[in-house]
Amino acid sequence: MPKFLTAPLLALAVLPALTLSGCGFALRGTGESLQIAPAYQTVQLSLDDSQENLHLKRAMTKHLELMHLKTGLSTNQIRVDNLRFRRYELVGTLTEIRLVLSADVKITVGTKTTTAPMQVEQSYQYNEASVVTLDQQGEESRGWLYDQLGERIAERYRAMAR
């Protein structure tokens, strides 16, 4: 490309970005409106001490930390009850498997409290006629489900804390 065309093309590429930032446009997640009051930056997680709840607690803690929120003693609370894992199979040449992880979640932020069932699911196919008898994708999907439910709960808390 000739050098005399480089400067005008660069100007055309930079001009829209400058125009958008000048009118108040910002990328998602960078605005000041997303700041959470210091009183809501710490949340207490309440779960039973079962192995399944431990996986979910780790996932929630990870996603809360990614949102710059802390877990610890607080009047703000995320309580998870009745964590259930279900596996549905539609048997055929290839078995269609649907995994569902659901829980009853109660979130308290200041004086606001909300209770709602939450669930995540994932489907995949499993060929039982294959040489490999282990359902590795099912185990990987189970970990993914805990992570997705933890993220969804953390996002709900952050939305209430704004």
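Predicted model: local features only at pLDDT ≥ 70, side-chain atom pairs only at ≥ 80, totals over all residues.
Trainee: What makes S1 and S3 a pair?
Mentor: Two strands pair if there are at least two bridges between them. Strand S1 (residues 42-46) and strand S3 (residues 77-90) have three bridges, in the parallel sense. So they count as paired. Ser46 stands opposite Arg79 in S3.

Trainee: How do you know that S3 and S4 pair?
Mentor: The cut-off is at least two bridges. Twelve bridges join S3 to strand S4 (residues 95-109), so the two pair. They run antiparallel. Glu89 stands opposite Ile97 in S4. S3 and S4 form a hairpin, with four residues between them.

Trainee: What is the order of the strands in the sheet?
Mentor: The order is S2-S1-S3-S4-S5. This is an open sheet of five strands, and the pairing is mixed.

Trainee: Why is one side of S2 and of S5 left without a neighbour in the sheet?
Mentor: Strand S2 (70-71) and strand S5 (112-126) stand at the edges.

Trainee: How do you know what span to expect for helix H2?
Mentor: Take 1.5 Å times one less than the number of residues. H2 (residues 51-66) has 16 residues, so 22 Å is expected. From first C-alpha to last, H2 reaches 23 Å, close to that value.

Trainee: Where does H2 lie?
Mentor: H2 lies across S1, S2 and S3, at about 120 degrees to S3.

Note on methods:
Residues numbered from 1 in each chain as written. Heavy atoms only, no water. Contact = heavy atoms within 4.5 Å. Axes fitted to C-alpha atoms, helices over the stretch in contact; angles between N-to-C directions.
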